[in-house]
Amino acid sequence: MQTNRFETFMDAVLAIIITVLVLKLPQPETATWAAILSLNIRYVTYLICFIIIFNTWYNDHNLFQMVDEIDNSVVCVYGVLICVISLVPYFATWVALNPTSVPAQTMFGILFLATNALYTLSTYLIIRANPYNEKLKKIDLRDYRRYVPVAIILAGFILTYTVYPQGIYISCILATFYWFVMAVMAKSKIESSDRFEALFDAIVAIILTVIVLDIGMASLGTWDALFDLKLEFIAYFISFIVCFNFWNYNNNLFSIVNKINGKVMWLIGAAMFVLSLIPYLSLFVAQNFYSFVAQACYGLDFIVVALLSIVTSNALKEVDKGNVALMLALKSNLPLFSTVVIVSVGIAIGYFFYPPAIIISCLVSIILVWIIPHLHRG
């Protein structure tokens, strides 16, 4: 059977799992740096889960560039793989809530081992289903580097069941870092960006709809009850504009992109990770609208996305040097640098005078670097 519809289904499921992860993050008890740092294990767990899911998609994308067709055995194994990955948000939350629990540690480690084993099995079945595919024949399933993460996690099991309860959790972090380094170092030749654009669109679309879930329901059917939620609606509308603007920027950019590579994918993946925190930070700001700490977290998230976009634009120019339209469009990163400057000024104003100036500066930066120049050209 052809793979297009299967790839679309796989991408949709992984996009949902990636964005569902953020719903499991608890809000800090107070709007202080100490309260935020007290949740450090939750944030680290979120990061490694995001990396492992995105890396699974990335490897799958590279693999399916070479695949001609698949059979039912491949589909069945991938179905089990998707089932295992879909459990990641649940057990990631369980181990974060119980970092010294051996059962929680064990289930977390089993998920990682099962993901690796199922992906290796699916690759073997894909190779078997395409016996005349010369590109797939070059894949060496006996390469020891494929099984280093397994060895690391098994070592973690030994630690957990002997001297150190958090051994599995630490080993999963190390294994994730290894997977990440191997993926970044791999020189993948990716011409078409269609599948990546589809994943990007799905993730941003889900983020946009998830934000509204954090708006509390009016306690009564009165205008006053609705007005009491004004700060939550303000945070929602600004966050919606921020996310939609990020999508619009990349949509316009990729309309003239001819080819990409792994570096570009991982840079935009990093930006999507930072952007996926917007629903979480939107609620944090709504509940602590006049807190500098809450507002600063929101502003820093915005700045990091802008900086990653700058690095991504440079990477795109490197991989697509013959694209005249792209070179002209990315001739200057001034709009993105302006965003960093404007929001930085907003953070300074927020620190000394008026904290909500930070989220307002995010909105102002969008107006100044996109809407006004667009209207001016018209």
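This report looks at a nonpolar surface patch and the aromatic pairs of a predicted model.

## Ground rules

Residues are numbered from 1 along each chain as its sequence is written. In this predicted model, local features need pLDDT of at least 70 and side-chain atom pairs pLDDT 80 or more, while totals for chains, interfaces and linings use all residues, and side-chain values rest on heavy atoms, without hydrogens and water.

A patch of about 1,200 Å² includes Y290, V341, F352, Y354 and L368. Patch residues have over 30% relative accessible area and no salt bridge, and nonpolar side chains are joined within 5 Å. Helix α17 (334-352) and helix α18 (357-377) each give at least two residues, and α17 has the largest share, with 5. Helices here are DSSP runs of H or I with at least four residues.

V364 sits in α18. It counts as partly exposed because its relative accessibility is 33%, between the limits for buried (under 20%) and exposed (over 50%), with a 1.4 Å probe and protein chains only.

## Aromatic pairs

Now for the rings. W57 and F196 are tilted, 5.8 Å centre to centre with 45° between the planes. This pair joins α3 (residues 40-64) to α10 (residues 194-211) across 139 residues, and W57 and F196 are both buried.

F108 and F112 make another tilted pair, at 5.0 Å and 55°. Because they are 4 residues apart in α6 (residues 102-129), about one helical turn separates them. F108 and F112 are buried.

Notes: Patch = residues over 30% accessible without salt bridge, like charges linked within 9 Å, V, L, I, M, F, W, Y side chains within 5 Å. Areas by Shrake-Rupley, 256 points an atom, 1.4 Å probe, with all protein chains shown as cover. Salt bridge = Lys/Arg side-chain N within 4 Å of Asp/Glu carboxyl O. Phe/Tyr/Trp six-rings, centres within 6.5 Å; stacked < 30°, edge-to-face > 60°.
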